Amino acid sequence: MGWFSDDSDQAQAYDQVVNAPHKAELSHELIAAAASYEAAKAYEKHVSENGQPSSHEKAKEILAGLTGAFVDRLVETKGLDFVDKERAKHAAKKQAEGALADSGDY
């Protein structure tokens, strides 16, 4: 994987979040790190199958959708509240956009 290594904080957060029991107490920071990791993997798959998006803005839109979908799925399966959900979405989007900017890929 290009953006986050398998031993990155985001990868470790992803493992912790997806393996947490139902209704676990998860911080929005932990969820955001997991979501940004998942979004980076999904974005790289999207790019390999469809090519680069037409613009940096389009790439950011794709990442926002991918992080949001991961957070929504967690909210449904882990029983998080609205505030945690919105904080996690915001933080995940920022982390994923930062990784996109650092990579130079869009």
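Buried, here, means under 20% relative accessible area, with exposed over 50% and partly exposed in between, using a 1.4 Å probe and protein chains only.

First, the ground rules. This is a predicted model, so local features need pLDDT of at least 70 and side-chain atom pairs count only at pLDDT 80 or more, while totals for chains, interfaces and linings use all residues. Residues are numbered from 1 along each chain as its sequence is written, and side-chain values use heavy atoms, without hydrogens and water.

Now, Ser36. It lies in helix α2; helices are DSSP runs of H or I, at least four residues, numbered from the N terminus. Ser36 is buried, because its relative accessible area is 0%. Leaving out residues up to four places away in sequence, Ser36 touches Phe4, Gln10, Thr67, Ala92, Gln95 and Ala96. Contact means heavy atoms within 4.5 Å.

Next, the helix pairs. Axes are lines fitted to C-alpha atoms over the stretch in contact, with angles from 0 to 180 degrees between N-to-C directions.

Take α2, residues 28-50, and α3, residues 56-78. Their axes come within 8 Å and cross at roughly 130 degrees. That makes α2 oblique to α3. Oblique is what remains after under 35 degrees (roughly parallel), over 145 (roughly antiparallel) and 65 to 115 (roughly perpendicular). Among the α2 residues that meet α3 are Ser36, Ala39 and Tyr43.

Then α4, residues 82-103. The axes of α2 and α4 come within 7 Å and cross at roughly 45 degrees. So α2 is oblique to α4 as well. Ser36 is one of the α2 residues in this contact, and the α4 side includes Ala92, Gln95 and Ala96.

How values were computed:
Helices (H or I, at least four residues) and strands (E, at least two) are DSSP runs, numbered from the N terminus.
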